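Here is a short briefing on one protein chain. Look through the sequence and the model before reading on.

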Amino acid sequence: MNSIIKQFFTALEKYEDQGTDDMHWAEWAAQDIDKKIVQKFTKNDWKLIQQHYKDKSTNIKSLIVGQINLNDDDYIAIKLELLVQIIKTEPIAIAFEALKKITFGFVTSGRDKVTNALFYKEELKGVFMTSKKEYLIDLFFTQDFLNKVQEIATDCGEIHKNEIFAFLRIIDKI
């Protein structure tokens, strides 16, 4: 492992030591990790993370997911590959966090504050607005991936389930 990846995992482990064993803590902790480290990553660094994340704790895996940004084009294929790998192989709690990173590129959802009704808005965001979207969808959103996504949706609350199903409808249209 190179020094920047060691520095990254050290920062994640230090942050984990200051937190709790609760998965929900890790979901919100990503914003506090030193972004300067992640901004220096190369494609090879993301590949190293993909190789070494598997032996990390649940919280560290969730923190790694939190560091992935699909709004830019840089190293998007390796980032999507990592997210898809996590979705296919990790327990539902971590897979769900990775899936939210992807679905947010397609859907905005929530609950209307006035009516309290669930809503979702189909839209493309980030890298999914580029000409690469169809290539990326064909490459990563395989039938195995789609099956796992449907499995995750059955374990979700109503808001997230609607968001996931909206995502599935959108990628089927593209």
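How are helix 9 and helix 10 oriented to each other, roughly parallel or roughly antiparallel? They are roughly antiparallel (angles over 145 degrees count as such, and angles under 35 as roughly parallel). The model is predicted, so local features need pLDDT of at least 70, side-chain atom pairs count only at pLDDT 80 or more, and totals for chains, interfaces and linings use all residues. Residues are numbered from 1 along each chain as its sequence is written, and side-chain values use heavy atoms, with hydrogens and water left out.

**Helix 9 and helix 10**

- Helix 9 covers residues 143-154 and helix 10 covers residues 158-173 (helices are DSSP runs of H or I with at least four residues, strands are E runs of at least two, and both are numbered from the N terminus).
- Their axes come within 9 Å and cross at roughly 155° (axes are lines fitted to C-alpha atoms, for helices over the stretch in contact, and angles run from 0 to 180 degrees between N-to-C directions).
- Helix 9 contributes residues including Phe145, Leu146 and Val149 to the contact, and helix 10 contributes residues including Ile164, Phe165 and Phe167 (contact means heavy atoms within 4.5 Å).
- By class, this contact of helix 9 with helix 10 has 10 nonpolar, 2 polar and 1 charged residues (Ala, Val, Leu, Ile, Met, Phe, Trp, Tyr, Cys and Pro count as nonpolar, Asp, Glu, Lys and Arg as charged, and the others, Gly among them, as polar).

**The nonpolar core**

- The largest nonpolar core has 52 residues (such a core is a set of buried Ala, Val, Leu, Ile, Met, Phe, Trp, Tyr and Cys residues joined through side-chain atoms within 4.5 Å; buried means under 20% relative accessible area, exposed over 50%, partly exposed in between, with a 1.4 Å probe and protein chains only).
- Its largest share, 8 residues, comes from helix 6 (residues 76-89).
- Ile102, Phe106, Phe141, Phe145 and Phe167 have the most contacts inside this core.
- Leaving aside neighbours within four places in sequence, Phe167 is in contact with residues including Leu99, Ile102, Phe106, Phe141 and Phe145.
- In soluble globular proteins, nonpolar side chains tend to be buried together.

**Helix 6 and its partners**

- Helix 6 packs with helix 7 (residues 92-103) at an angle of about 145°, and their axes are 8 Å apart.
- Ile78 sits in helix 6 and is buried, with a relative accessible area of 4%.
- Leu136 lies in helix 8 (residues 133-140) and is buried at 1% relative accessibility.
- Beyond four places in sequence, Leu136 touches Ile76, Leu80, Val127 and Phe141.

**Helix 4 and helix 5**

- In helix 4 (residues 43-52), the buried residues are Asp45, Trp46, Leu48, Ile49 and Gln50.
- Those buried residues pack against helix 1 (3-18), helix 3 (35-39), helix 5 and helix 6.
- Helix 5 (residues 58-66) is mostly covered, with 8 of its 9 residues buried.

**A loop residue**

- Asn116 is in the loop between strand 1 (107-111) and strand 2 (118-122).
- Its phi is near 65°, a positive value in a residue other than glycine.
- Most residues other than glycine have a negative phi.
- At 49% relative accessibility, Asn116 counts as partly exposed.

Key. Angles under 35 degrees count as roughly parallel, over 145 as roughly antiparallel, 65 to 115 as roughly perpendicular and the rest as oblique.
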